[in-house]
Amino acid sequence: MKHTTRTQKILFFLVPIAFSLPVLIFSYMETSWTLFQTWLNNDDFSHGLLILPLTGYLIYRKRDQLAGISIKTDWRASPLLFLPVFVYAVGELGADVFTVRASIFLFVLVLVWFFYGFELVKTLRFPLAFLFLALPLPGLVYRNITFPLQLLASDLSVKALHAMGILAYREGNLIDMGFTQFQVVEACNGLRFILPMLTLGVLFAFWQPLPWWKRVILVGITIPLSIMANVIRIAGTGVASIYWGPEVAEGFFHGFSGWVVFMLAFFLFGGISLLLNSLPIREPLREAEIPDKGDVVHRTPSLAAIGVAVATILLTPFIVHYLGATPPVLLKQPLSAFPMEMLGWKGNRGTIEENIWDRVGAQEYVMINYHNEGGAVLNFYSAYYEYQRKAGDFVHTPRLCLPGAGWYIQENRRRELPLNEAAGEVLRLNEMVIHKNNSTMLVYFWYQGRGRNFTSEYTAKFFLIWDGLFRRRTDGALVRLIMSVPELGTTLSARATMDQFAVAAARELDSYLP
């Protein structure tokens, strides 16, 4: 057996890292920088800045166990070096930043296994898994939970105000107190409380040996505590506005109150943690055993292994570019030729402001306001993407954009309309009834292209990746119809009109979309 000195052990750990880590950062230069900027500038994910040093400390706490583990290059993990490369390519094809970022941390996990062996991975399983909490939520998940969290916070805050004898009325995410109104905007959705508290819950749960049920409670309690903290902040702002005016909803008080209620939630969590630790358990939990160092072997770092890892990392951008850079697919004919008259409705062409169009990220669009003889107006809009990529050039859902503009979704359902009865073809679409102030709108939207029709963003994302890999295409279009519902009880009439128009528009678009 070849035993090593402490210096040799440290050298063994540092040599592979010194070679591979800078190369990994270089290969993921743009992704690493945007991830750091997200941590720095987005308060919802700023806890990510603490994850890396905390992970380092968690590894340091395992030093006695690590000293008793035989360390050697594990060539069984070498095929897995291509797993992060594949995940990276999937992220590019699926226009998903989260997947691309996750591939960095997956690379770290595979490199640890490859350089140091699976025994070390088992010992460091919690610190390595904890590292993934630094990742911001996937965009699709983030956008789909943000508005429901705003509505939940608004509803509970109004109930809290009522419990204090204060009159308040809620419409969507707008709270009306009579003398003032304030909106529970995206920044007040509570995620900046939930994600840090969830991270703390996971850290506390696995910091020491605990039975599984205590760990579940510690992690699970962070969600209601965070929501409660956010409600206290919003309701507290309402109470403060009574005494100091509506200006307290902005500025120093608004930011400072966030820190105060977060610390309140933190101390409550600490109290619950202490209470759980004081509860007796049936059988005492054993600390992780420190292996006998008598048979420990540390082999000299394999230059061949380092070379294979570095070469794979350096090749990653080229492999991903080949797999993920699908060529643009042009329209059969420009959308500007879309007919200005349909089903007896005559249209006027509309335009989108340049700054908004830049955020849409599509290559071409058509917007037409159709009018009938009765004075009704139906807005038709379609944006076409020649390709969809992670940097924002992908289809955005109205389900999220409209609430961001202040519209409250009263109804939301999926429907099917007969498109070609002889062939059994149907048009799948999303129908929403939205409300803002005294206005009510009926909205239809769907995704169309590549011979497919979707209503679900998740299904559209799956086939975006599938078609990117096997058909080398990521083109597609969003189609949206909006019609005003001027009076209560006229939704059925508007729906009948929209149904006919949606089918006609979908059929017409087939002659434009490839």
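Me: Why are helix 10 and helix 11 called roughly antiparallel to each other?

Reply: Helix 10 (residues 191–207) and helix 11 (residues 212–220) pack at an angle of about 160°. Angles run from 0 to 180 degrees between N-to-C directions, along lines fitted to C-alpha atoms over the stretch in contact. Over 145 degrees counts as roughly antiparallel, under 35 as roughly parallel, 65 to 115 as roughly perpendicular and the rest as oblique, so this pair is roughly antiparallel. The axes of helix 10 and helix 11 are 8 Å apart.

A word on the source: this is a predicted model, in which local features need pLDDT of at least 70 and side-chain atom pairs count only at pLDDT 80 or more, while totals for chains, interfaces and linings use all residues. Residues are numbered from 1 along each chain as its sequence is written, and side-chain values use heavy atoms, with hydrogens and water left out.

Me: What makes the contact between helix 10 and helix 11, and which classes of residue does it have?

Reply: Contact means heavy atoms within 4.5 Å. Leu-198, Gly-201, Val-202, Phe-204, Ala-205 and Phe-206 of helix 10 meet Arg-215, Leu-218 and Val-219 of helix 11. By class there are seven nonpolar, one polar and one charged residues; Asp, Glu, Lys and Arg count as charged, Ala, Val, Leu, Ile, Met, Phe, Trp, Tyr, Cys and Pro as nonpolar, and the others, Gly among them, as polar.

Me: What angle do helix 6 and helix 14 make?

Reply: Helix 6 (residues 97–116) and helix 14 (residues 303–324) pack at about 165°, with axes 11 Å apart. That makes helix 6 roughly antiparallel to helix 14. Their contact includes Phe-107 and Leu-111 of helix 6 and Ala-305 and Ile-306 of helix 14. The contact residues divide into nine nonpolar, two polar and no charged.

Me: Why is helix 5 described as largely enclosed by the rest of the structure?

Reply: Buried means under 20% relative accessible area, exposed over 50%, and partly exposed in between (1.4 Å probe, protein chains only). Nine of the twelve residues of helix 5 are buried, so helix 5 is largely enclosed. Among the buried ones are Pro-84, Tyr-88 and Glu-92, and their cover includes helix 2, helix 6, helix 14 and helix 17.

Me: How do you know that the span of helix 5 is close to the expected one?

Reply: The expected span is 1.5 Å times one less than the number of residues. Helix 5 (residues 82–93) reaches 17 Å from its first C-alpha to its last, close to the expected 16 Å.

Key. Helices (H or I, at least four residues) and strands (E, at least two) are DSSP runs, numbered from the N terminus.
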